[in-house]
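Please open the sequence and the coordinates side by side.

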Amino acid sequence: MKKRLVSLLAIATMTATMFAACGSSETASTDTASSDSTSTEETTATETTDTADAAVELPEDTGKVLNIYGWNEEFKSRLTDHYADYTEVDATHGKIGDVDVVWNITPSTDNAYQNNLDEALLAQESASADDKVDLFLVEADYALKYVDTDYAMPLKDLGITDADLADQYKYTQDIVTDSNGNLKGASWQACSAGFIYNREAAKEILGTDDPDEVQAAVADWSKYNETAAKVADAGYKMCSVNDTYRVYSNNVSGKWVQDGKVVIDKNIEKWVDDSKELVDANAETTDDLWGDDWAKGKRPEGKIFGYFGPAWFFNFCLDADQEGTIANKGGWGYCVGPQSYYWGGTWICAATGTDNANLVKDIILTMTTDKAVLKDIAQKDADCVNSKTVLKELASDDSGNLDLLGGQNPYAQLAEGAEKVDLSNLSAYDQGCNEEFQKAMKNYFQGNATKDEALDMFKKAIVEKYPDVTAE
Amino acid sequence: MRPVLKAKGAFMAKKSKVVRYNKWGYIFLIPFLVVFIVFQLIPLVSTVYNSFFENYRSGLTQIGPNFVGLENYKTIITNGDLPLYLKNTMIMWILGFIPQILLSLLLGAWFTDPSLRLKCQTFFKTVIYMPNLIMASAFAMLFFTLFADGGPINSMLIQAGVFKEAFKFMSHAGTVRGLVATMNCLMWFGNTTILLMAGMMGIDPSLFEAAQVDGATANQIFYKITLPLLRPILVYVMITSLIGGLQMFDVPQILTNGTGDPMRSSMTLIMYLNKHLFSKNFGLAGALSVYMFIITGILSLLVYKFTNSEKK
């Protein structure tokens, strides 16, 4: 009896492997099937739209379905909480008045979100009215890939004027401005970022944890490097080289790709040289962002001096709710850092061919320009919002004080940073270039390659990723 | 005259009464043929077809397909990456396959040896097969965490005094390749053991008995009887493992986060192929696949020739 049971188990395990092998392809096919069918269950509408003839006077909304493409639940929860007419039906459906809202959410892992959105937008013209993309969300790293095409609609065609958007930070508009100067998206977030430092360590090494004095110690890169040397002497690490990368890469003097050729900017090269020196001096690590080793610095035992990041980073990524973290004890401080930069944020774009233009316009206006809504978002969801007035208000009273920063009110620094961010040198290739550059340089930092070999590796990876770009 | 005619008539009458079974043979083949044509032959032909075109996507702009002849093949040959990644793949395969086949032979010989009277055989057979049930990506993820700079292996080694500070397993070509080989070996030795056991149990027991009567030692029996008679199964195991090895992807991909670092020393051919799919570069990817098809064919033939040549 026992023997039979064991052999039965053996058979079961072996058959299981057979199915395990087919597993991945099966799930993949059901995934695509479900995303196709999400919007087909609605009734069909025969009207088609043309927005071309009306610049400000929008045609009446004929669509019965509003398709929104995103990669996580963030915008959905913002819309649920702050857009008065929205009612949730279930996890992927909602209603605004008579219009059904359909959420097409694909995670961005392995580029899945963009692949899915690409297919949807390329099929936009031939898609039935209920399947057409109405709104889609983009991140700054690849915004231009969509914005610099006709698939995204200029906001002025929706009747949104510059005056409506005057209170937004300029950099948030630079990111979604196409090569002809048309603004094609808007964000409710202004993710200016700075240096988040460990107060305990700052007191020990610099003798102070005051944000202004720490700022003085990291005011530019040469001061930052001096401080890093002191940090290393005290047995700490400054941060990871990948933490500082965005600070350098946001402050370049030219685009990644110029005339179809990859160009490595001076400031990027400075990152390579500075980082190599700091890694060799044991002052910075080469840990990948979000990895376990990198995350160790969130606790005092991790011996990390700081992280670079924006408001969402210190609010959500420092594990303030966990016992024993620095954030839990209110042990972080925030200053602007060596150079101003931004990190993250979600932009809302209207898809060309939408049959709900009025609704789309209203959503964009309400979510990104309505000051009451924005203040509500800032206070309820701890987003750093895209409104100069609201940030000023938050900086001026105590409601902006944060426990995890030891009671510091970071809004003054956040607003100052957001003013200074300059993003005139974005290109549609940024995401790939930044990722591949960091990966390739890790070899150089860890001593597995010379600088030239690592640069060759980067060029090779870029040509693979973007066959239309040359690297020599 | 008449008898001949009669005989002919009888023959014809007989023939019509015979029940023909061969049409059933063809009917039973249909499901296989349909699946083969739809999922194997058509993709194979379209891969070759695609390899002659420039066809990729830059952002949202589709470029091509434009006929470029053998341009894609030329690109792959001239940039010199193919031999490098083939070498990486083969190194990692051999590193994993040698311990795997030795372990499997040993276990197979023990399990099939009646004089050892091993207890709980089925249990052990199940256990050694278990690693194969874990998804390769989950297994790679597990190793990635175990061997991280601050992972449990490092803290154990530091506490034992082997290292002073964390050893970066993921930034040395040797350790990354070693880890990939170890994982492949662990995942597949159970499968190989079961295949070899089946082969060993198919050998006529009277041969073993005769050898024992003649006074052969266990070693002699293994080398002179088991191994030579196991050759067909060994060839099968080697060829399937070689093809599987050339298609190595998930373990190194997950372990190195798709980079094949350090300096792409653990990048396999399929990982390289995967790089071209970011831009949906079907032309180059197609040409690369054709090369791999040829390489796999040649290597399989070589293995087959080598292992079968002495027999005749």
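At what angle do helix α14 (residues 371-381) of chain A and α15(A) pack? They pack at about 45°, with their axes 9 Å apart.

A word on the source before going on: this is a predicted model, in which local features need pLDDT of at least 70, side-chain atom pairs count only at pLDDT 80 or more, and totals for chains, interfaces and linings use all residues. Residues are numbered from 1 along each chain as its sequence is written, while chains are lettered from A and ligands numbered from 1 in the order in which they are written.

**Helix pairs in chain A**

Helices (H or I, at least four residues) and strands (E, at least two) are DSSP runs, numbered from the N terminus. Axes are lines fitted to C-alpha atoms, for helices over the stretch in contact, and angles run from 0 to 180 degrees between N-to-C directions. The packing values are set out below.

| Pair | Angle | Axis separation |
|---|---|---|
| α14(A) and α15(A) | about 45° | 9 Å |
| α15(A) and α16(A) | about 150° | 8 Å |
| α10(A) and α17(A) | about 35° | 10 Å |

Angles under 35 degrees count as roughly parallel, over 145 as roughly antiparallel, 65 to 115 as roughly perpendicular and the rest as oblique. A crossing is left-handed if the near helix is turned anticlockwise from the far one by less than a right angle, and right-handed if clockwise; α14(A) passes α15(A) in a right-handed crossing. Here Lys371(A), Leu374(A), Lys375(A) and Ala378(A) of α14(A) meet Thr389(A), Val390(A) and Leu394(A) of α15(A). Contact means that the C-beta atoms of two residues, placed from the backbone, lie within 7 Å.

Next, α15 (residues 388-396) and α16 (residues 411-420) of chain A pack at about 150°, and so are roughly antiparallel. Their crossing is left-handed. On the α15(A) side the contact uses Leu391(A), Lys392(A), Leu394(A) and Ala395(A), and on the α16(A) side Tyr411(A), Ala412(A), Leu414(A) and Ala415(A).

The crossing of α10(A) and α17(A) is right-handed. In this pair, Ile268(A), Val272(A), Ser275(A), Lys276(A) and Val279(A) of α10(A) meet Phe437(A), Met441(A), Tyr444(A) and Phe445(A) of α17(A).

**Backbone details**

Most residues other than glycine have a negative phi, and most peptide bonds are trans. Asn282(A), which is not a glycine, has a positive phi of about 65°, and lies in the loop between α10 (266-280) and α11 (292-295) of chain A. In chain B, the peptide bond from Asp261(B) to Pro262(B) is cis, with omega near -5°. Pro262(B) sits in the loop between α11 (250-255) and α12 of chain B.

Also worth a look is α8(B), which has a kink of about 40° centred on Trp188(B); the bend at a residue is the angle between axes fitted to the seven residues ending there and the seven starting there.

**Where the chains meet**

The contact between the chains takes 30 residues from chain B and 35 residues from chain A. On the chain B side, β1 (53-58), α5 (121-129) and α12 (269-276) give two or more residues, and α5(B) gives the most, with five residues.
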